[in-house]
Amino acid sequence: MDIDLVLAPVDGSDQSERAAEYAIAVAERYDADLHLLFVIDERLHRDIDSGNVSATAIAEEHQAFTESIRERFRDAHDGAFETSSATAFSETRLMQTPGSVVLDVAEDVNADFIVVPREDESEEAVGRAATYVIEYASQPVLTV
């Protein structure tokens, strides 16, 4: 199997941290790069817009999470590490779901492998995306 880039969609949860660790292991095994995609849940987006949650605090949490994963990746492997973020929904595009967002980014970055967290009955965007990604991805998918 030829894997040059592993995509790891995350949301900052313990489950997504575990999935990121698996993504690091896959990247190390195949001498691949890693792209960490932070998926922003609809509820979190609404809470930020309404002022119930501080955008700065969320950004700091996401940055700390990303730096933690970056350090683990650097300790395990010397490949490239990139990040991006995407909102898991759209008020104007009804077909934009957490799963479709992950697959769109996978295509945009030319990912060869996806490691997605999966938690039964998850309310988090990335957890809800797992089943969709498994069903529709053109790349191999590992769910954790």
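Me: Before we look at this predicted model, what does buried mean here?
Reply: Buried means a relative accessible area under 20%. In this predicted model, that cut-off picks out Pro98, Gly99, Ser100, Val101, Val102, Leu103, Val105 and Ala106 in helix 4. So the value to keep in mind for buried is under 20%.

Me: OK, how many residues of helix 4 are buried?
Reply: Helix 4 covers residues 98–108, and that makes eleven residues. The helix is mostly covered, and the buried count is eight.

Me: Is Ala20 buried or exposed?
Reply: Ala20 sits in helix 1. Among the residues it touches, leaving out those up to four places away in sequence, are Val10 and Leu36. Its relative accessible area is 1%, and buried means under 20%, so Ala20 is buried.

Me: Are helix 1 and helix 3 roughly parallel or roughly antiparallel?
Reply: Helix 1 (residues 14–29) and helix 3 (residues 55–76) pack at about 25 degrees, with their axes 10 Å apart. Angles under 35 degrees count as roughly parallel. Therefore helix 1 and helix 3 are roughly parallel.

Me: Which residues in helix 3 meet helix 1?
Reply: From helix 1, the residues taking part are Ser16, Glu17, Ala20, Glu21, Ile24, Ala27 and Glu28. The residues of this contact divide into seven nonpolar, one polar and four charged. On the helix 3 side, they meet Phe65, Ile69, Arg72, Phe73 and Ala76.

Me: And what phi does Asn110 take?
Reply: Look just after helix 4, where you'll find Asn110. Its phi is positive, at about 60 degrees.

Key. Residues numbered from 1 in each chain as written. Predicted model: local features only at pLDDT ≥ 70, side-chain atom pairs only at ≥ 80, totals over all residues. Heavy atoms only, no water. Axes fitted to C-alpha atoms, helices over the stretch in contact; angles between N-to-C directions. Helix = DSSP H or I, 4+ residues; strand = E, 2+ residues; numbered from the N terminus. Parallel < 35°, antiparallel > 145°, perpendicular 65-115°, else oblique. Contact = heavy atoms within 4.5 Å. Nonpolar A, V, L, I, M, F, W, Y, C, P; charged D, E, K, R; others polar. Buried < 20%, exposed > 50% of the residue type's maximum accessible area, 1.4 Å probe, protein only.
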